[in-house]
Amino acid sequence: MTDPDDIIGTDSPVSAVQRATLDAVLNIIVPASEDGRLPSAVEVGVLDHIRDAAAGDAVAGAPAHDLIDTLREELDRLDDQARTQFGGAFAELAADDQETLVDNIRSNDPRFMSGLAMVTVTCYYQHDRVLEALGMEARAPYPQGYEVLSGDLSLLDPVIQRGKRYRDT
Amino acid sequence: MAEDIVDVLIIGAGASGAAVAWSLAETRMRIVCLEQGDWMNPADYPSTKRNWETARAGEYSISPNVRRRPADYPINEDDSPISVANFNAVGGSTILYAAHFPRFHPSDFRVRSLDGVADDWPIDYASLDPFYAQNDRNIGVAGLAGDPAYPPHEPPLPHVPLGLMGETMARGFNALGWHWWPSDSAIVTRPYEGREQCANLGPCGSGCATGAKSSADITYWPMAQRMGVELKTHCRVREITVDERGMATGVIYYDENDVECRQRAEVVIVACNGVGTPRLLLNSTSSGFPDGLANRSGLVGKNLMFHPWGHVQGVFDEPLESHYGPGGCCMLSQEFYETDPNRDFLRGYNMQITRGGGPIGTAMAGITSGDIPWGAGHHEAFAKFFDRTVNMGLCCEDLPEEHNTVTLDPSLTDSNGIPAPKITYRVSENSRRMLQHGLERGTEVMKAAGAWQVRTVPLVRMAGWHLLGTARMGFDPERSVVNEWGRSHDVRNLFIVDGSIFVTSGGVNPTTTIQALALYIADSMKQRLANLFD
């Protein structure tokens with residue numbers, strides 16, 4: 001009989017177990033700030049971002065399933081290592097054990113984890129809640145733009161005093 | 001049906017093609033420009049999007065090999081440590097340029113006489129001065145008069161804002177007693193000629209949605225078209241044709257449906273940049289020009305010059321709002337621009353201060369470098385870098401060397417089967433010493449300004465924006481491709497007006513000089529219309 005936790009929901013590209021593993025990793029990459037101002041990466045929709053990126057790749061002609069398949073495979077591999085090394089699912093391990101496993105993978109075969117980190121911070125640092133917590137407005141630069149100080153031109157006085165500095169011909 | 005023969009055919013609608021089209025339009029000659037790209041829609045530029053940082057990748061990459069838009073052609077760069085940056089559209093590479101707009105120095109035109117290397121130009125700064133000024137007024141250039149590093153000139157618009165970042169760097173330069181000045185920038189800082197002023201969006205290098213950056217599509221082209229110049233897009237020129245007299249007769253091109261077409265012309269003007277122009281000429285062979293059109297000197301495609309580009313980044317304790325403002329334009333230092341015989345290299349470089357990265361760029365760079373960790377400490381580390389970084393580009397003069405070339409690749413082609421260009425280039429020992437000097441001085445001024453961390457990149461690969469020297473000017477037909485007013489020595493109705501005609505590269509961004517030269521050549525043509533082919 002199929003384990004309900006292994007069933008992939010019709011609107012999720014990963015199973016419940018894979019989702020729990022992913023969330024645990026995301027929380028390692030970018031945890032919530034201690035003061036609660038900044039959220040964990042779990043809360044900014046990284047999986048949706050990956051799914052959208054995969055769909056974009058499909059539009060561009062590259063197979064979409066590669067990105068999602070890789071994600072599933074790597075999450076399963078991480079979970080298998082957790083069960084082998086620590087006797088339990090990755091998502092249920094103590095934080096220290098989770099970090100130990102992730103650090104080992106980063107050291108020995110960093111490709112997936114590095115890629116996941118880049119996707120995570122890309123998603124994280126364009127999220128409204130994060131930008132607002134950083135004191136920025138969550139909007140496109142155009143049309144309002146930004147105010148920038150013109151600058152104190154009296155700082156040029158020493159340059160002017162030193163005089164001409166190009167060669168005549 | 002009578003054959004359609006235009007008076008002037010311009011190939012390429014970028015910085016120089018646009019300038020020459022505008023200038024010649026007053027003659028009321030029938031002028032047609034063929035451009036392989038299309039008009040850009042500013043509403044599509046990344047700065048209009050929430051995900052502007054990531055939207056800059058892909059189709060707005062500076063590299064055609066990454067971008068792969070329909071108008072792009074591939075470039076073989078396997079034998080070059082510097083990658084070509086360009087953009088194929090109406091406006092050309094000005095669509096993506098940073099608009100940093102410093103002029104050449106007078107000494108840049110006299111490198112052989114002053115420093116004993118390279119060659120002298122057949123023209124001088126004084127000859128170009130009025131055309132620099134005309135271009136500044138035509139397109140809208142911001143700056144500050146009084147720079148002691150230049151002969152007097154007066155940009156028409158106020159300088160771009162320095163910001164807290166600029167003031168901080170200014171104090172660093174002042175502490176060392178070094179030159180600095182607000183950069184001349186092709187950006188309108190006040191409403192100008194119906195265009196809105198700069199709103200400091202930031203990502204100028206992926207197109208200006210405001211229309212404040214003075215790209216050729218929104219400056220020269222509307223004026224030229226109103227004066228009757230006909231601009232045809234999606235027209236990729238394959239070769240220039242000649243007759244038995246050795247005169248250019250027109251071009252063969254592919255239209256938007258990839259149908260092969262011919263356009264006859266009395267005069268042909270090439271404006272395809274320092275890679276596109278030699279590619280076109282080398283592909284235009286005939287019995288009279290077996291080695292490529294206008295190439296009896298053998299110099300077409302040779303003497304390729306980039307500006308070898310170093311990078312210095314400083315990180316400061318205080319927030320500098322450094323990611324706000326025109327990305328590539330703030331201030332520059334020419335302290336080490338002119339040759340100093342006490343140094344171990346000839347010629348010099350400019351230090352171009354540019355803005356800091358956005359939040360995504362800061363995080364990605366920090367994680368890659370290890371400065372911003374995963375997990376505990378991530379937020380604290382991010383806060384130390386974001387909004388607190390200042391970047392500096394080292395734009396080094398590149399001496400002309402014949403072994404640095406643009407040739408036709410033997411197997412790689414574009415979508416129309418036209419041979420792609422192949423770049424063969426190596427950084428000279430003079431450039432390496434210059435870069436090293438720049439990295440050390442850049443580090444020195446960052447620390448003088450208060451940076452607690454300074455990182456350097458000795459040679460940036462994705463920095464081949466400036467494509468120069470591959471169809472050089474000169475008096476001697478055996479040592480140059482075009483004469484002192486841009487006409488081919490070999491083909492008397494063929495002109496070249498882009499950066500390929502540069503004799504030396506200078507140590508500054510070239511576009512203002514490219515456009516001034518184009519205007520100068522157009523003016524020279526207008527003065528000689530009665531005997532243009534003599």
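Accessible areas here come from the Shrake-Rupley method with a 1.4 Å probe, and for residues only the protein chains shown count as cover. On that basis, chain B exposes about 17,700 Å², with carbon and sulfur atoms supplying 48% of it. This is a predicted model, in which local features need pLDDT of at least 70 and side-chain atom pairs count only at pLDDT 80 or more, while totals for chains, interfaces and linings use all residues. Residues are numbered from 1 along each chain as its sequence is written, chains are lettered from A and ligands numbered from 1 in the order in which they are written, and side-chain values use heavy atoms, leaving out hydrogens and water.

Let's begin with the whole chain. Buried residues (under 20% relative accessible area, 1.4 Å probe, protein chains only) make up 67% of the 534 residues in chain B. Along its principal axes, the C-alpha trace of chain B spans about 75 × 50 × 45 Å.

Now for the parts. Chain B has 12 helices and 16 strands, which are DSSP runs numbered from the N terminus (helices H or I, at least four residues; strands E, at least two). An open sheet in chain B takes three of its strands in the order 3-14-13, with mixed pairing; two strands pair if DSSP finds at least two bridges between them. Strand 3 (76-79) and strand 13 (405-413) of chain B stand at the edges with a single partner strand each, so one side of each lacks a neighbour in the sheet.

Look next at strand 13 and strand 14 (residues 419-424) of chain B, which pair in the antiparallel sense over 5 bridges. Here B:V406 stands opposite B:I423 in strand 14 of chain B.

Methods:
Buried means under 20% relative accessible area, exposed over 50%, partly exposed in between (1.4 Å probe, protein chains only).
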